[in-house]
Amino acid sequence: MALSGQPAEASRRWPLRRPMRVLVAAAGLTLAFPGAQAYGEGGAGLHRSMLKVVPLGDGAHVVTGGITNTGFVVGKDGVVVIDAQMLDADAVAMQREIRARTDLPLRAIILTHSDPDHINGLPAWPRGIMVIAQENTLSEMTDTVAGKQFYARPQPPVPADLKSYLPTELVRHSRTLTVGGISVVLTHLAAGHTDGDLVAWFPAQRVAFVGDLLTGGDPNLPDRGPYPVINLEKFGSSAGWLKVMKAALALNARVYVGGHGSAQVDRDQLKAMILATERRRDEVEKLFKAGKQLSEIRAILKDPPPSPPLFFPTFVEIVYAELLRA
Ligand SMILES: [Zn+2]
């Protein structure tokens, strides 16, 4: 079963590839990210605990406790992993947890997007494992390996051997794969969190892994309310997020697994997030069109300031930056 809707029209790049940092700065977004130093130093300052494996039924599992929520699905002749962890130690611990449950071989890792907290653990996985991602994620990983800095905030060091784990199985819009006896539908409908997001839908399990399209409840991202994190530096889009998540809602999954915070989101919760996000986006747009400045809009909407430890821009700031660019 595929996600419905039109395929993304070359979501890779906006027609004009304007320097995003300039736009973000013009919108008055916080770029200092003082507390994010810890992230740049390898996540030492981020909330993290012991890995915990939670079965979701029919071989699907979510792994919480690392900096990123990840997952794995055990099929009849192999295991498919969703996201690689950020830290080697967590990637190794996750493999130990998988081995405690099955002897079947690790067949593939699906990357939900290219951010370091989801890919930096790759070199701790067996060399040669099939790595699956959206085309723009490959492009961003290739750029990262070549030394490109996407974010102004401090980033973890790029693992030396990341270049040996670049995705080889690519998805542009939608692709159905059977790996290890597991059927997975991988869809990129539009740019959301980044322009390389994949929704990994396991129809037999009725579980959708959506990566950082869902981040609610992450202690590293307090005060965000129900609103998503949109990475403008990687050409994410709030309008795209709404489109993607409405299609995800239509999947009628039992569980939506987000990359941070609440690892299990049900349909009703997702529906509420979509409605709140749509409403907030409309509010910002209306005020923007009425000529209000960002500071006024934030005051009117009682938008809490970006908060530690990561000081990510708020959703209001993101939408304002997008409107400035439009
Ligand atoms: Zn993440």
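Predicted model: local features only at pLDDT ≥ 70, side-chain atom pairs only at ≥ 80, totals over all residues.
Reader: How many helices and strands does the protein have, and what share of its residues is buried?

Author: The secondary structure consists of nine helices and twelve strands. Of the 326 residues in the protein, 59% are buried.

Reader: Which share of the contacts joins residues 24 or more positions apart?

Author: Among contacts with a separation of 6 or more, 67% are between residues 24 or more positions apart. As for the surface, the protein exposes about 13,000 Å², and carbon and sulfur atoms supply 55% of that area.

Reader: Is helix H9 mostly covered or mostly uncovered?

Author: A residue is called buried when its relative accessible area is under 20%. Helix H9, residues 315–325, is mostly covered, with ten of its eleven residues buried. Among them are Phe315, Val316, Ile318, Val319 and Leu323, and also Glu317, Glu322 and Arg325.

Reader: Which residues make the contact between H7 and H9?

Author: From H7 come Thr277, Arg280, Arg281, Val284, Glu285 and Phe288, and from H9 come Phe315, Val316, Val319, Tyr320, Leu323 and Leu324.

Reader: Where does Pro226 lie, and what does it touch?

Author: Pro226 is in the loop between strand E11 (207–211) and helix H6 (238–250). Because its relative accessibility is 33%, Pro226 counts as partly exposed. Beyond its neighbours within four places in sequence, Pro226 is in contact with Met273, Ala276 and Thr277. Thr277 also belongs to the H7 side of the contact with H9. In space, the C-alpha atoms of Pro226 and Gly216 are 6.1 Å apart, while in sequence these residues are ten apart.

Reader: Does Pro167 count as buried or exposed?

Author: Pro167 has a relative accessibility of 6% and so counts as buried. This proline is in the loop between helix H5 (135–145) and strand E7 (169–171). Not counting residues up to four places away in sequence, Pro167 touches Leu111, Val131, Ile132, Ala133, Leu138 and Met141. Thr142 is 25 residues from Pro167 along the chain, and their C-alpha atoms are separated by 9.5 Å.

Note on methods
Residues numbered from 1 in each chain as written. Heavy atoms only, no water. Helix = DSSP H or I, 4+ residues; strand = E, 2+ residues; numbered from the N terminus. Buried < 20%, exposed > 50% of the residue type's maximum accessible area, 1.4 Å probe, protein only. Contact = heavy atoms within 4.5 Å. Areas by Shrake-Rupley, 256 points an atom, 1.4 Å probe, with all protein chains shown as cover.
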